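Colleague: Could we go through this structure together? I would like to begin with the pocket and then turn to the side-chain contacts.

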Amino acid sequence: MLESLKAIPPDPILGILAAFAKDTNPRKIDLGIGVYRDEEGNTPLLKSVVEAEKQMIAHQNSKSYLGPTGVPGFNSAMSRLVFGESNEAVAEGRIRTVQTPGGTGALRLAAELVKTASPTARVSASEPTWPNHLAIFPAAGLGMESYPYYDPASSSLRLDDMLTALRSKGPGDVVLFHACCHNPCGVSPDPAQWELITDVAAERGFLPIVDLAYQGFERGLEEDNLSVRLFTQKCPELIVTSSCSKNFAVYRDRVGAISVVASSAQKAADIETVIHALTRKNYSMPPAHGPAVIDILLQSAELTALWRTEVAGMRDRINGLRSELEEKIRARGVSRDFAFLRRQTGMFSFLGLNVAQVRRLREEFSIYTVDSARANIASFNGSNIDYFVDALAEILESPAA
Ligand SMILES: Cc1ncc(COP(=O)(O)O)c(C=O)c1O
């Protein structure tokens with residue numbers, strides 16, 4: 001039977017990683033992979049996480065199964081982080097949060113939850129979106145559509161087109177949003193635009209799913225859950241999929257959560273039992289290590305304060321690099337306007353290069369991005385930014401012979 005299986009080409013990002021690893025140019029730069037990097041090019045452990053992990057190891061006395069809810073303290077701490085400290089829906093018991101293996105695990109459970117509730121529902125995602133969204137929802141048997149989002153000509157949000165598309169949705173439809181730091185384009189709605197978007201959701205009655213993968217990386221931990229709070233205020237139902245990979249830097253520990261807001265506390269409790277049943281047939285029991293560490297961190301005022309500083313440090317570094325890159329490109333005399341780098345947020349932006357230019361960056365300068373020219377801005381540092389700016393100027397100002 002297995003003879004019929006054919007090799008699947010590697011994910012473009014993994015292909016780039018492999019090519020980058022083989023490249024012997026000492027000046028090579030990887031702008032592809034989506035992890036935060038510090039000035040030394042490392043993806044560091046956070047001090048707050050290391051300390052919480054020490055405490056967790058010192059106190060753990062069993063590795064028996066956790067049960068389907070996972071680490072209860074983690075679930076309630078995540079609920080406060082994702083929905084804000086004094087959210088009415090939390091007080092009313094209308095929100096249930098359950099830990100998942102990463103944000104991806106939460107998205108998969110969200111997809112299965114929708115499929116269970118409404119097998120023919122279609123999920124609409126921004127154009128463009130994180131490519132894995134386009135795999136996860138269909139893998140659970142759901143159809144997908146897209147709504148207008150990013151305008152490459154102006155490197156900004158197509159708000160009017162987006163709102164028009166959302167106005168054509170109704171009860172029975174599902175719309176997926178990125179809460180902040182849109183991956184891949186770096187363009188997010190501002191607070192006034194979120195008000196308009198959430199008003200349309202309330203009017204039209206579709207089910208919003210908010211993917212919160214970069215909380216704290218755009219404007220701040222509280223600012224970045226604005227869309228979640230607005231949807232919760234205005235809509236009776238909402239699903240939020242959150243990831244701890246980036247903001248706690250626990251990528252490989254696979255920590256995330258699914259939160260469901262329902263119309264009543266009883267309905268929320270019912271839905272949680274469906275989540276448990278879905279968990280059971282997917283991976284039986286949730287993993288303990290990462291959530292137990294984050295539980296300790298978020299229950300400690302001291303470690304939480306340290307963590308908040310560390311998140312702010314990552315955010316400030318990325319935003320600083322955005323400004324620095326734009327200034328250096330301008331100072332280098334490149335005629336194209338890169339001011340969008342400052343306006344956009346999070347780790348990613350499209351550089352606005354075509355595939356031939358992406359190839360030249362790779363072949364002539366050992367600078368690696370995916371073909372869409374999405375760049376991870378956190379990959380820049382004092383020792384590679386000037387080299388990149390020179391390469392970019394060369395590519396843009398002197399076309400290939
Ligand atoms: C938009 C978006 N959603 C979800 C995820 C999932 O994160 P993870 O499964 O690593 O927690 C990512 C990771 O890159 C992402 O960019």
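Predicted model: local features only at pLDDT ≥ 70, side-chain atom pairs only at ≥ 80, totals over all residues.

Colleague: How much space lies in the largest pocket, and which residues are the closest to its centre?

Modeller: The largest pocket holds about 940 Å³ of space. It is lined by 39 residues, and Trp130, Pro131, Asn132, Asn183 and Arg374 are the closest to its centre.

Colleague: How do the lining residues divide into nonpolar, polar and charged?

Modeller: The lining has 20 nonpolar, 13 polar and six charged residues.

Colleague: You mentioned Arg374. Which ring does its charged end sit over?

Modeller: The charged end of Arg374 sits over the ring of Phe348, 3.8 Å from the ring centre. Likewise, the charged end of Lys28 sits over the ring of Phe20, at 4.5 Å from its centre.

Colleague: On to ring pairs. How many aromatic pairs are there?

Modeller: A search of the whole structure gives 15 aromatic pairs. One of them joins Tyr36 and Phe217, whose ring centres are 6.3 Å apart with the planes at 75°, so this pair is edge-to-face.

Colleague: Where do Tyr36 and Phe217 lie?

Modeller: Tyr36 is in the loop between strand E1 (29–30) and helix H2 (47–59), and Phe217 is in the loop between strand E8 (207–212) and helix H9 (226–234), so the pair ties together parts 181 residues apart in sequence. Both residues are buried.

Another edge-to-face pair is Trp194 with Phe231, at 6.2 Å centre to centre and 75° between the planes. Trp194 belongs to helix H8 (residues 191–204) and Phe231 to helix H9, 37 residues apart.

Colleague: Is Glu326 buried or exposed?

Modeller: Glu326 is buried, at 5% relative accessible area, whereas Arg342 is partly exposed at 40%. Through shared partners, salt bridges join Glu326, Glu327, Arg330 and Arg342 into one network.

Technical notes
Residues numbered from 1 in each chain as written. Heavy atoms only, no water. Phe/Tyr/Trp six-rings, centres within 6.5 Å; stacked < 30°, edge-to-face > 60°. Helix = DSSP H or I, 4+ residues; strand = E, 2+ residues; numbered from the N terminus. Buried < 20%, exposed > 50% of the residue type's maximum accessible area, 1.4 Å probe, protein only. Lys NZ or Arg CZ within 6 Å of the ring centre and 35° of its normal. 1 Å grid on protein atoms, 1.4 Å probe; cavity = no way out; pocket = protein on both sides within 12 Å on 5 of 7 lines; lining within 4 Å. Points joined across faces, edges and corners; volume = space filled by probe spheres on them. Nonpolar A, V, L, I, M, F, W, Y, C, P; charged D, E, K, R; others polar. Salt bridge = Lys/Arg side-chain N within 4 Å of Asp/Glu carboxyl O.
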